[in-house]
Amino acid sequence: MIDFTFIDLFAGIGGLRLGFESIGGHCVFTSEWNEWSKKTYQANFGIEENFIGDIVPYPAEDVPDHDVLLAGFPCQPFSIAGVSKKNSLGLPHGFECTTQGTLFFDVARILATKRPKAFLLENVKNLVSHNGGQTFEIIKNTLEFDLGYQIFWKTVDGQSWVPQHRERIIIVGFKTPVAFSWDDLDVPKDHPLLKNILHPEDGTENLGEPYTTPTGKVHSKYVLTDHLWQYLQDYAAKHKARGNGFGFGLVTGEDVARTLSARYYKDGSEILIFRGAKESPRRLTPRECARLMGFDDSYKIVVSDTQAYKQFGNSVVVPVIKAVAKAMKPYIEEVIILENTKVSA
C-alpha cells in the first residue's frame with residue numbers, strides 16, 4: 001500500500017477519518033467548528049497541530065498538501081426535515097442558506113487550490129432532489145466542469161452494515177480518469193439486527209455507569225417517563241387520524257431502526273426499545289448509538305448524553321465509509337503513481 005495523506009473537513013467526530021485510516025491514510029489537517037465535537041474528536045485522535053475551527057475564513061493556500069480530501073459538509077440545508085423546518089419559519093435553505101448551504105463552495109475552493117488526487121463527499125439523500133435537482137446539478141458541474149474531476153455518486157443505505165435504515169449520498173472524485181465502479185463496493189449480504197448493538201441486560205456485559213447498572217441492566221434514566229410515553233402515543237394517534245405518518249418508532253432486537261437523527265436527545269421517539277406491553281420503552285444509550293453508527297466500543301464518549309446523541313445523529317456510518325475507502329484504494333494508488341511519474345519524468 002502506498003502511503004497517502006488526507007484532510008478531514010467538517011470533521012464532526014471523525015467517522016470519515018476512521019474509514020480512510022483503515023486503508024492506510026494519514027490525516028494532515030482537520031477542520032471542525034463545534035466545540036463539543038472537537039472535544040470528542042481530540043479525545044479519540046489526540047491534539048494535533050493542524051486542527052482548526054471554522055474553515056470559511058481559512059486561506060486555501062494554507063491548507064497542507066494532501067492526496068485525498070474528505071468532507072461531510074453540513075446536510076441540514078438539504079435534508080427533508082431541515083428544508084421543511086426552514087420553510088415553516090420562512091428561512092432560506094439549500095445554497096440560499098448562507099450559514100451552511102454555501103459551505104460546499106469552501107470544499108470547491110480548496111479542491112481548486114490544492115488539487116488533491118481524489119476526494120469523498122457525504123451528504124443526505126435529499127441533496128439529489130433538492131430544489132428540483134438544481135442544487136445537485138450545480139455541485140456536479142462545479143466538480144466536473146469547473147474543477148475537472150471525474151466523479152461517481154451513489155446513494156448508499158447503511159442498513160447493510162448496521163441495523164439502521166440510513167440513506168446517504170456519497171460522491172467520490174478522481175483528478176485523473178480511472179476505472180472506478182460502484183460494483184467494487186463490498187456490500188454485506190446479511191443485514192444485522194438491533195440485538196447486535198443493544199446492551200444484553202443479562203449480566204454478560206457490565207459497562208457500569210453511566211449507561212448500565214452493576215448488574216448489566218440499562219440505567220433507568222433512559223426509560224421514558226409514563227407522561228412522555230403517553231404524550232408520544234397520543235401525538236401519534238392524532239396524526240394517524242389525520243392521515244399523516246408522524247409517530248414514534250417502537251422496535252425490538254429483531255428489527256432494524258429508523259434513521260438516528262441529531263434530535264434524538266429530545267425524546268428518542270424515532271428509535272424506542274420495547275420493554276414489554278405494560279412497560280414504558282427506553283431510548284438507546286449513547287454507547288448503543290455509537291454502535292448503531294458502526295463505532296466500536298474503544299471509541300471514547302467524553303461529552304454529555306445530549307451532545308453525544310447530537311454527534312452520533314450527525315455522523316456517518318463508519319463501516320460504510322470503510323467499504324467505500326477500500327473500493328477507492330487501488331484507484332487512489334493509481335493516481336498517486338501516475339502523478340509521481342509525471343513529476344519525475
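Before going on, a word about what you're looking at. This is a predicted model, in which local features need pLDDT of at least 70 and side-chain atom pairs count only at pLDDT 80 or more, while totals for chains, interfaces and linings use all residues. Residues are numbered from 1 along each chain as its sequence is written, and side-chain values use heavy atoms, with hydrogens and water left out.

## The sheet

Now the sheet: 7 strands make an open one, with mixed pairing, in the order β3-β2-β1-β4-β5-β7-β6. Helices (H or I, at least four residues) and strands (E, at least two) are DSSP runs, numbered from the N terminus, and two strands pair if DSSP finds at least two bridges between them. Which strands stand at the edges? They are β3 (51-52) and β6 (150-157); each has a single partner strand, so one side of each is left without a neighbour in the sheet.

Take a look at two of the pairings. Strand β2 (residues 25-31) is mostly covered, with 6 of its 7 residues buried. Here, buried means under 20% relative accessible area, exposed means over 50%, and partly exposed is in between (1.4 Å probe, protein chains only). Strand β4 (residues 68-71) and strand β5 (residues 118-124) also run parallel, joined by 4 bridges. There, leucine 70 has leucine 120 of β5 as its bridge partner.

## Helices on the sheet

Helix α4 (residues 104-114) packs on the sheet and touches β1 (4-9), β4 and β5, and its direction makes about 175 degrees with that of β4. Helix α5 (residues 134-146) packs on the sheet too, touching β5, β6 and β7 (167-174), at about 140 degrees to the direction of β6. For these angles, axes are lines fitted to C-alpha atoms, for helices over the stretch in contact, and the angles run from 0 to 180 degrees between N-to-C directions. Contact means heavy atoms within 4.5 Å.

What do the buried residues of α4 pack against? Their partners are β1, β4, β5 and α5. Among those buried residues are Phe104, Val107, Ile110 and Leu111. Just after α4 comes arginine 115, with a positive phi of about 50 degrees although it is not a glycine. Arginine 115 is in the loop between α4 and β5 and counts as partly exposed, at 27% relative accessibility.

## Rings that meet

The whole structure holds 21 aromatic pairs. In one, the rings of phenylalanine 73 and phenylalanine 104 have centres 5.7 Å apart and planes at 55 degrees, so the pair is tilted. (Rings of Phe, Tyr and Trp, taking its six-membered ring, pair if their centres lie within 6.5 Å; planes under 30 degrees apart count as stacked, over 60 as edge-to-face and the rest as tilted.) This pair links distant parts of the chain, 31 residues apart: phenylalanine 73 is in the loop between β4 and α3 (80-88), and phenylalanine 104 is in helix α4. Phenylalanine 73 is buried, at 1% relative accessible area, and phenylalanine 104 is buried at 0%.

Another tilted pair is phenylalanine 295 with tyrosine 299, whose ring centres are 4.6 Å apart with planes at 55 degrees. Both of these residues are buried. There's a cluster as well: Phe152, Phe174, Phe180, Trp182 and Tyr331 group together as one.

Is arginine 291 buried or exposed? With a relative accessible area of 13%, arginine 291 is buried. Its place is in helix α8 (residues 286-292), and its side chain makes a polar contact with the side chain of aspartate 297 (2.9 Å). A polar contact is a pair of N or O atoms within 3.5 Å; within protein, one must be able to donate a hydrogen and the other to accept it, and residues adjacent in sequence count only if both atoms are side-chain atoms. Leaving aside neighbours within four places in sequence, arginine 291 is in contact with residues including Val162, His199 and Glu205.

Serine 181 lies in the loop between β7 and α6 (226-241) and is partly exposed, at 24% relative accessible area. A polar atom of the serine 181 side chain lies 3.0 Å from the backbone nitrogen of aspartate 183.
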